[in-house]
Amino acid sequence: MDQIIELTVAPEDDGMRIDAYLRAHTEFSRSRISALMLEGAVSVDGEVQAKPAFKVTAGQRIALAVPQTRPVDVLPQDIPLDILYQDADVVIVNKPCGMVVHPAAGNEDGTLVNALLYHVHDLSGIGGEMRPGIVHRLDKDTSGLILIAKNDRAHAALSEQFKARTMEKHYRAVAFGNFPEDAGLIDAPIARHPVDRKKMAIVPDGKPSQTEWKVIERLKGATYLDVHLLTGRTHQIRVHMHSIGHPLLGDRIYAPNIRTSVHIPRLMLHAYSLAFTHPATGERMTLCAPLPEKFETTLEKLRQP
């Protein structure tokens with residue numbers, strides 16, 4: 001059965017676009033509201049209104065019929081999950097290296113989404129589907145913090161922070177070679193590789209991409225870095241570090257032939273810290289994920305003389 005939300009337009013809302021009005025008075029994103037309007041789910045004084053740009057008038061009665069959240073065709077799986085924080089709006093997980101985020105061809109199960117559907121029981125859904133809202137992604141081989149929204153309102157607010165670059169993400173990385181400087185900025189546009197479609201590359205007309213880096217420690221033939229993403233492109237850190245001659249250790253895609261004095265068991269990239277404004281409370285939150293064991297042991301080996 002549909003959930004019916006009934007509202008009466010207050011004088012202070014007179015003249016607002018109806019999509020903006022509903023965005024302000026419900027938990028749904030503007031895109032979700034537009035989709036519902038196209039489905040005939042919104043009425044004004046009993047008449048269906050499908051135009052998002054329609055201007056509301058004080059005293060009008062607005063009804064929004066929200067269909068039941070649809071189950072997704074994804075199997076919940078009892079996969080161990082390191083949940084660092086959870087409340088009614090968000091979940092923050094420390095994703096292991098090797099775990100794919102979304103089910104896709106070749107990875108239909110065993111993903112982060114499969115695990116979340118098993119462990120998290122109060123999802124209200126995203127876009128009308130009973131699924132977690134992945135705000136940003138991590139590569140399969142990158143470990144660390146990933147932020148998930150439980151409902152439309154949280155997803156919209158967090159996605160806006162991501163676009164506005166007010167969400168701050170720092171990574172720990174180990175790059176090949178020694179850096180002469182202590183810190184730097186890589187500013188180079190990234191797009192899909194023109195030949196190998198599985199890779200990204202520095203492309204002149206690609207999307208603007210900026211990566212700040214700072215040396216934490218100089219190692220044997222490598223450098224331990226703090227990396228701060230100013231933009232969020234696919235494979236950004238891997239592509240940028242490769243472009244300056246310092247590919248990440250363990251990167252089988254961009255630097256498969258790099259030779260080091262110690263065995264590198266994984267991609268040496270870990271999403272270490274995440275700062276964001278909570279979508280419901282407005283509180284600024286910062287979380288950190290400890291380095292995985294294989295990352296730590298590899299660092300120790302690279303420290304040895």
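Buried means under 20% relative accessible area, exposed over 50% and partly exposed in between, with a 1.4 Å probe and protein chains only. This is a predicted model, in which local features need pLDDT of at least 70, side-chain atom pairs count only at pLDDT 80 or more, and totals for chains, interfaces and linings use all residues. Residues are numbered from 1 along each chain as its sequence is written, and side-chain values use heavy atoms, with hydrogens and water left out.

Q: What is the average pLDDT of the protein?
A: pLDDT is the predictor's confidence in each residue, from 0 to 100. The average is 90, and 94% of the residues score at least 70.

Q: Why is strand β16 called largely enclosed by the rest of the structure?
A: Strands are DSSP runs of E with at least two residues, and helices are runs of H or I with at least four, numbered from the N terminus. Eight of the eight residues of β16 (residues 222–229) are buried, so the strand is largely enclosed. A222, Y224, D226 and H228 point one way, T223, L225, V227 and L229 the other way, and all are buried.

Q: What makes β11 and β16 a pair, and which way do they run?
A: Two strands pair if DSSP finds at least two bridges between them. Eight bridges join β11 (residues 168–176) to β16, and the two run antiparallel. K169 has L229 of β16 as its bridge partner. Strand β15 (residues 210–218) also pairs with β16 in the antiparallel sense, over seven bridges; here E212 stands opposite H228.

Q: How many disulfides are there?
A: A disulfide is a pair of cysteine sulfur atoms within 2.5 Å. By this rule the count is zero. The sulfur of C97 is 20 Å from the closest cysteine sulfur, in C288, which is too far for a bond.

Q: Why does C97 count as partly exposed?
A: The relative accessibility of C97 is 32%, so it counts as partly exposed. C288, at 42%, also counts as partly exposed.

Q: Why is the pair of Y224 and F295 called tilted?
A: Rings of Phe, Tyr and Trp (its six-membered ring) pair if their centres lie within 6.5 Å; planes under 30 degrees apart count as stacked, over 60 as edge-to-face and the rest as tilted. The ring centres of Y224 and F295 are 6.4 Å apart and the planes stand at 55°, so the pair is tilted. Y224 lies in strand β16 and F295 in helix α6 (residues 293–303), so the pair ties together parts 71 residues apart in sequence. Both Y224 and F295 are buried.
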